[in-house]
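Good morning, colleagues. Please look at the structure now on the screen while I speak about helix packing and about the spaces inside the protein.

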Amino acid sequence: MKVLVTGAAGFIGMHTCERLLARGDEVLGVDNLNDYYDPSLKAARLAQLGRHANFQFERIDLADREATAALFANGRCRRVIHLAAQAGVRYSLTNPHAYASSNLAAFVNVLEGCRHHGVEHLVYASSSSVYGGNTKMPFAESDPVDHPVSLYAATKKANELMAHTYSHLYRLPTTGLRFFTVYGPWGRPDMAYFSFSKAILEGRPIDVFNHGQMSRDFTYIDDIAEGVVRVVDRVPEPPPAGGGVGHDAPSRVFNIGNSAPVPLLEFISTLERCLGRKAQLRLLPMQDGDVPATYADVEALAQWVGFRPTTPIDVGLERFAAWFRAYYPALG
C-alpha cells in the first residue's frame with residue numbers, strides 16, 4: 001500500500017520508511033529539513049532512503065496549511081504515519097513558538113488532510129514525556145497525564161486529545177505511540193547518548209544531570225520501527241457501545257518502550273565499553289523540565305499487535321557505537 005510518512009528525514013522516520021520499503025510498500029516521505037540539528041545528517045538519511053525505487057520525497061512544512069492540503073490531495077495515501085514534530089524537552093524552554101507551529105498547527109493540518117481524503121488509519125508520535133512527574137512505575141496508559149513538566153510534553157498530550165476528537169467526530173481511526181527514549185544508529189545529535197559519544201571521543205567532559213541519579217527506559221530503534229509498522233497495520237475500531245459520549249472513538253494510545261529501565265551511570269559505563277574510552281563526568285543538578293525516571297508498561301501494545309521491544313542496552317549501544325565511529329571517522 002502507499003503510506004505517507006512525515007518526518008521521513010528524522011531518526012525514527014528514516015527507520016520506519018526503511019521497514020515499510022523493505023516489505024514492498026510505496027512510501028511518500030515528507031520533511032521540512034529544518035536546522036534544529038545538523039541538516040547534513042538528515043540529507044544522509046534521505047540518501048539511504050533514495051536508493052529505493054518506491055520512495056518519493058517532498059520538502060514541505062506541515063504548518064503550511066495550503067501546502068499540506070495539496071500534499072494530501074495529490075498524494076492519495078491509504079495510511080499516514082505522522083512522526084514530524086519539534087523534538088526536545090530542553091529546547092522547548094527557550095523556543096516555545098517552534099512547538100506551537102510544528103506540534104500543534106501542523107498536527108491540525110495533518111488531521112484535516114486525513115479527514116478529507118479518506119485515510120484509513122493515522123498513526124502518530126506521542127511521547128513518554130506526557131507522564132510528567134508521575135511517580136508510579138511502570139507508566140501505564142491508564143495513568144493520569146494531566147501534569148506535564150515541559151511544553152513539549154504538553155503539546156504531545158494535546159496531540160492525543162486532538163486525535164481522539166477527530167476519531168470521535170469523523171470516525172478517523174487514530175493510534176498514538178508514546179515513545180520511550182529511542183536510541184541507535186542514525187540517531188539525533190541532541191540526544192544525550194549521541195552528545196556523550198562525541199564528547200567522550202573528543203576527550204571532553206559530559207554533563208550528567210541530577211548527579212547521575214536518573215534512569216531511562218532506553219528503546220532500540222529497530223524495535224521502535226517494528227512496533228510502528230505493526231501498529232499501522234491494525235486499524236482500531238470503535239469500542240463496544242455503552243461507554244458514553246466520546247467513548248465511541250476508533251482511537252488508541254500505546255506505550256512503546258523496552259520495559260527495562262537502565263540507571264544513567266550504568267548506561268554511561270556501557271557506552272564507555274562500546275567506545276573503548278573512559279568518560280569524564282561533570283555532575284550537575286536536575287534540569288528544568290526533566291524527570292528522574294521512565295519505565296514503560298507495554299502489555300497493551302503486546303496484546304494489540306503481538307510485539308514488545310526486547311533489544312538489550314549492551315547490544316543496542318554496540319550497534320550504535322559501530323555506526324557512530326563509521327559516520328564520524330575523524331573522531332577516532
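Helices α5 and α6 cross in a right-handed sense. Please bear in mind that this is a predicted model.

Helix α5 covers residues 96-116 and helix α6 covers residues 151-170; their axes lie 10 Å apart, at an angle of about 15°. Angles under 35 degrees count as roughly parallel, and α5 and α6 are therefore roughly parallel to each other. Which residues of α5 and α6 make the contact? On the α5 side they include Pro-96, Tyr-99, Phe-107 and Arg-115. On the α6 side, Leu-151, Tyr-152, Met-162 and Tyr-170 are among them. By class, the contact of α5 with α6 comprises 13 nonpolar, 3 polar and 2 charged residues.

I turn to a second pair of helices. Helix α9, residues 264-275, and helix α11, residues 313-327, have axes that come within 9 Å and cross at roughly 45°. That angle makes α9 oblique to α11. The crossing of α9 and α11 is right-handed. From α9, the contact is made by Phe-267, Thr-270, Leu-271, Cys-274 and Leu-275. From α11, Ile-313, Asp-314, Leu-317, Glu-318, Ala-321 and Arg-325 take part. The contact of α9 with α11 divides into 7 nonpolar, 1 polar and 3 charged residues.

Next, the pockets. The second largest pocket has a volume of about 290 Å³. Its lining consists of 13 residues, and those nearest the centre are Glu-141, Glu-160, Arg-178, Arg-252 and Val-253.

How many cavities of 30 Å³ or more does a search of the whole structure find? The search finds 1. The largest cavity has a volume of about 50 Å³. Its lining is formed by Leu-4, Leu-71, Phe-72, Gly-75, Arg-76, Cys-77, Val-80, His-117 and Val-119. Helix α3, residues 65-75, gives the largest share of this lining, with 3 residues. The lining of the largest cavity has 6 nonpolar residues, 2 polar residues and 1 charged residue.

Thank you for your attention.

How values were computed: Residues numbered from 1 in each chain as written. Predicted model: local features only at pLDDT ≥ 70, side-chain atom pairs only at ≥ 80, totals over all residues. Heavy atoms only, no water. Axes fitted to C-alpha atoms, helices over the stretch in contact; angles between N-to-C directions. Helix = DSSP H or I, 4+ residues; strand = E, 2+ residues; numbered from the N terminus. Parallel < 35°, antiparallel > 145°, perpendicular 65-115°, else oblique. Left-handed = near helix turned anticlockwise from the far one by under 90°. Contact = heavy atoms within 4.5 Å. Nonpolar A, V, L, I, M, F, W, Y, C, P; charged D, E, K, R; others polar. 1 Å grid on protein atoms, 1.4 Å probe; cavity = no way out; pocket = protein on both sides within 12 Å on 5 of 7 lines; lining within 4 Å. Points joined across faces, edges and corners; volume = space filled by probe spheres on them.
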